[in-house]
Amino acid sequence: MDPSGVAAQTQKSPWGSVGPAAPACSLTEVMSEQLARQLDEENAFPALSDPAVDPLRPEEAPDTASDLMLAQMLQMQFDREFDDQLRREEKKFNGDSKVSISFENYRMVHPYEDSDSSEDEVDWQDTRLDPYRADKPQTTPRRGFSGKGKNITTKHDEDTCGRKNTARMDNFAPEVHVGDGLGMDLKLSNQVFNSLKQHCYSEQRRSARLHEKKEHSTAEQAVDPRTRLLMYKMVNAGVLENINGCISTGKESVVFHADGGSLEEQPVPEEVVLKVFKTTLNEFKNRDRYIKDDYRFKDRFSKLNPRKVIRLWAEKEMHNLSRMKKAGIPCPDVVLLKKHILVMSFIGKEHVPAPKLKDVMLGSEEMKEAYQQVLQLMQQLYQDCSLVHADLSEYNMLWHQGKVWLIDVSQSVEPTHPHGLEFLFRDCRNVSTFFQKRGVSEAMSVYDLFNTVTGLNIPVGAEDEALFMAEIVALEKRNEDHIQKRGKKTFLVTSEDGGPPLEPDSDD
């Protein structure tokens with residue numbers, strides 16, 4: 001017996017019984033075509049009895065006889081799988097960002113080539129052949145033109161400049177919305193582009209001014225950072241113990257209540273007020289009417305710098321209050337002036353301000369007494385202090401301890417002011433109207449009150465206001481001509497107003 005056959009029979013497999021070995025074939029038999037056909041027939045798939053369940057019908061089967069067609073089908077399948085993987089990476093890379101990165105140039109299959117792909121699978125757009133896609137601006141050579149002969153193109157070409165202007169719109173500020181024109185073949189002329197550019201710069205400057213105005217302006221019941229710093233310095237210096245809060249607001253200032261501290265030059269009252277003049281002129285734009293013709297501040301007036309006008313306004317009220325205090329007129333005592341913050345004594349008691357004359361309820365006798373006091377105060381103010389209140393009304397008079405107190409004299413001018421008598425006539429009208437409405441029978445008419453205060457004897461006649469005002473304007477004109485001829489004021493200029501110390505403007 002052949003030893004190899006015996007070994008094959010005796011050998012056992014650990015995986016179970018082994019079938020009989022295939023008969024050995026020689027090389028000649030393997031290369032035989034007859035043997036190949038026999039193996040093909042033995043391994044052929046059995047025909048299905050039901051043609052409806054045939055997954056691949058003969059007429060629908062792809063033509064795989066050509067090796068080129070088979071290779072193209074395999075390559076297409078590979079490209080689809082590659083594009084799917086690239087699409088997933090692109091989606092993961094972009095996430096929810098508004099600015100997305102496209103891997104379009106790395107794709108293998110495109111919509112016009114892949115007709116079997118559905119619209120849901122394709123979430124990108126091929127813009128390589130987009131007719132509305134903006135062309136990249138062509139750079140002009142250093143010599144300034146390109147081409148030869150009739151085809152020469154210079155840097156001033158209309159189409160080239162238009163595309164360049166459209167591309168430059170991308171350099172505008174982010175807050176300027178330029179629309180979606182960058183994605184279209186737009187050609188902006190130089191005139192249109194310059195107009196858009198100028199508008200962009202104007203909007204940026206306007207935005208900056210609004211921001212600066214908001215940061216550096218004193219609004220109603222609020223102060224800007226610079227004013228807040230000045231108030232903190234007063235507290236740190238010991239002039240004030242603490243600042244309690246806002247007690248009044250007006251068209252020109254905000255008034256805060258504070259507890260007084262100590263000052264080297266003079267004692268500070270227990271209760272004081274801080275009059276913070278507003279640094280914006282929105283609510284009181286005609287301030288210059290009261291200050292530009294005042295000889296005390298005429299040389300220092302500058303309408304171009306509103307912050308300096310506010311400081312002059314505060315300084316003017318300080319000097320007017322000092323002059324009134326020397327004449328014995330009831331008014332607040334000035335403690336300190338720091339730029340546009342005026343510290344004065346508090347008219348009231350225990351954090352409660354004195355009521356205004358329009359809010360206080362007085363009897364008939366007290367109202368008559370108040371009228372006599374106001375008449376006397378107006379005469380003292382005009383004759384002894386050489387001042388006209390220019391805004392005297394029941395809103396600027398307080399009733400405290402049985403007396404009438406005058407406040408808010410920042411706009412007060414001298415009688416020699418070009419409009420001083422007109423301001424006085426307006427004050428007389430306000431006072432006469434108020435007390436007549438309150439039932440004071442002794443209240444004089446506006447014409448008699450004006451003559452009584454000024455000492456003039458302007459004929460009243462039929463009490464025609466137009467004729468009376470004409471006489472007042474004529475007097476002002478004569479006074480102004482007289483002053484210009486003599487080169488000096490009718491009233492003597494007194495430098496003895498004194499007043500509280502002025503803090504140096506070291507942190508301007």
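A: Here is a short walk from the whole chain to the core, and then to the sheet.

First, the setting. This is a predicted model. The chain has 508 residues, and 34% of them count as buried. Its secondary structure consists of 13 helices and eleven strands. Take the contacts with a separation of 6 or more: 61% of them join residues 24 or more positions apart. The accessible surface of the chain is about 33200 Å². Carbon and sulfur atoms hold 51% of that surface.

Now the core itself. In soluble globular proteins, nonpolar side chains tend to be buried together. In this chain, the largest nonpolar core has 57 residues. Seven residues have the most contacts inside this core: Met324, Leu342, Leu357, Met378, Leu424, Phe435 and Phe450. Helix H10 is the element that gives the most to the core, with nine residues. H10 covers residues 364–383.

Set aside its neighbours within four places in sequence. Phe435 then touches Leu357, Met367, Ala370, Tyr371, Val374, Val440 and Ala443.

Next, the helix pair. Helix H11 covers residues 420–437. The axes of H10 and H11 come within 11 Å and cross at roughly 175°. An angle over 145 degrees counts as roughly antiparallel, so H10 is roughly antiparallel to H11. Which residues make the contact between H10 and H11? From H10 come Met367, Ala370, Tyr371, Val374, Met378 and Tyr382. From H11 come Leu421, Leu424, Cys428, Val431, Phe434 and Phe435.

Five strands form an open sheet with antiparallel pairing. Their order is S3-S4-S5-S7-S6. Strands S3 (240–249) and S6 (334–338) are the edges, and each pairs on one side only. Neighbouring strands of the sheet are turned by 25° against each other on average, direction ignored.

Key: Residues numbered from 1 in each chain as written. Predicted model: local features only at pLDDT ≥ 70, side-chain atom pairs only at ≥ 80, totals over all residues. Heavy atoms only, no water. Pairing = 2+ DSSP bridges. Helix = DSSP H or I, 4+ residues; strand = E, 2+ residues; numbered from the N terminus. Axes fitted to C-alpha atoms, helices over the stretch in contact; angles between N-to-C directions. Buried < 20%, exposed > 50% of the residue type's maximum accessible area, 1.4 Å probe, protein only. Contact = heavy atoms within 4.5 Å. Areas by Shrake-Rupley, 256 points an atom, 1.4 Å probe, with all protein chains shown as cover. Core = buried A, V, L, I, M, F, W, Y, C linked by side-chain atoms within 4.5 Å. Parallel < 35°, antiparallel > 145°, perpendicular 65-115°, else oblique.
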